[in-house]
Amino acid sequence: MTDPIADYLTRIRNAIMAKHRVVEIPASNIKKDITRILHEKGYILNYKFENVGHQGNIKIALKYHPETKHPAIKSIERISRPGLRKYAGKDDLPRVLNGLGIAILSTSYGVMTDKEARQKNIGGEVLCYVY
């Protein structure tokens, strides 16, 4: 697999389109950090790390509106990819939907959202947009 983060995002996107409650994804440290951010920002209901085999799995419980059954994640898209990396400096960090969505960045201080990077006054690689 050449782009494990794109695979992670695609599995979540496909599970949402199929209206699944839980999606299981092979784990890595960066995927665990992205999952933690999605849970903190309220885009997923819950998650659990399982140590099965060499790398383990991440079980993610997807979040839907109780009455209308609309998913909490409207769009999740990969920005930086192995063939074309996208970096943003501290002065030109992206704003997703005028601040309604989040951009997930990989910085020298770890994986964080665009808002946290603005507060710490640092830039990094823009991994994905979520709204």
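Visitor: At what angle do helix H1 and helix H2 pack?
Guide: Quick heads-up: this is a predicted model, where local features need pLDDT of at least 70 and side-chain atom pairs count only at pLDDT 80 or more, while totals for chains, interfaces and linings use all residues. Residues are numbered from 1 along each chain as its sequence is written, and side-chain values use heavy atoms, with hydrogens and water left out. Helices (H or I, at least four residues) and strands (E, at least two) are DSSP runs numbered from the N terminus, and an axis is a line fitted to C-alpha atoms, for helices over the stretch in contact, with angles from 0 to 180 degrees between N-to-C directions. For H1 (residues 4–17) and H2 (residues 29–40), the axes are 10 Å apart and the angle is about 40°.

Visitor: What word describes how H1 and H2 lie relative to each other?
Guide: Under 35 degrees counts as roughly parallel, over 145 as roughly antiparallel, 65 to 115 as roughly perpendicular, and the rest as oblique. The angle here is about 40°, so H1 and H2 are oblique.

Visitor: Which residues of H2 make the contact with H1?
Guide: Contact means heavy atoms within 4.5 Å. On the H1 side you'll find Pro4, Ile5, Tyr8 and Ile12. Across from them, H2 brings in Ile30, Lys31, Ile34, Thr35 and Leu38.

Visitor: Is leucine 38 buried or exposed?
Guide: Leucine 38 sits in helix H2, and it touches Tyr8, Ile12, Tyr43, Ile44, Ile104 and Val130, not counting residues up to four places away in sequence. Buried means under 20% relative accessible area, exposed over 50%, and partly exposed in between (1.4 Å probe, protein chains only). With a value of 0%, leucine 38 is buried.

Visitor: Which residue's side chain has a polar contact of 3.0 Å with the side chain of arginine 78?
Guide: A polar contact is a pair of N or O atoms within 3.5 Å; within protein, one must be able to donate a hydrogen and the other to accept it, and residues adjacent in sequence count only if both atoms are side-chain atoms. Arginine 78 lies in strand S4 (residues 76–78) and is buried at 18%. Its side chain also reaches the backbone oxygen of leucine 127 at 3.3 Å. The side-chain partner at 3.0 Å is aspartate 3.

Visitor: What is the phi of asparagine 121 near?
Guide: Asparagine 121 is in the loop between helix H3 (114–120) and strand S8 (124–130), partly exposed at 47%. Its phi is positive in a residue other than glycine, near 60°.
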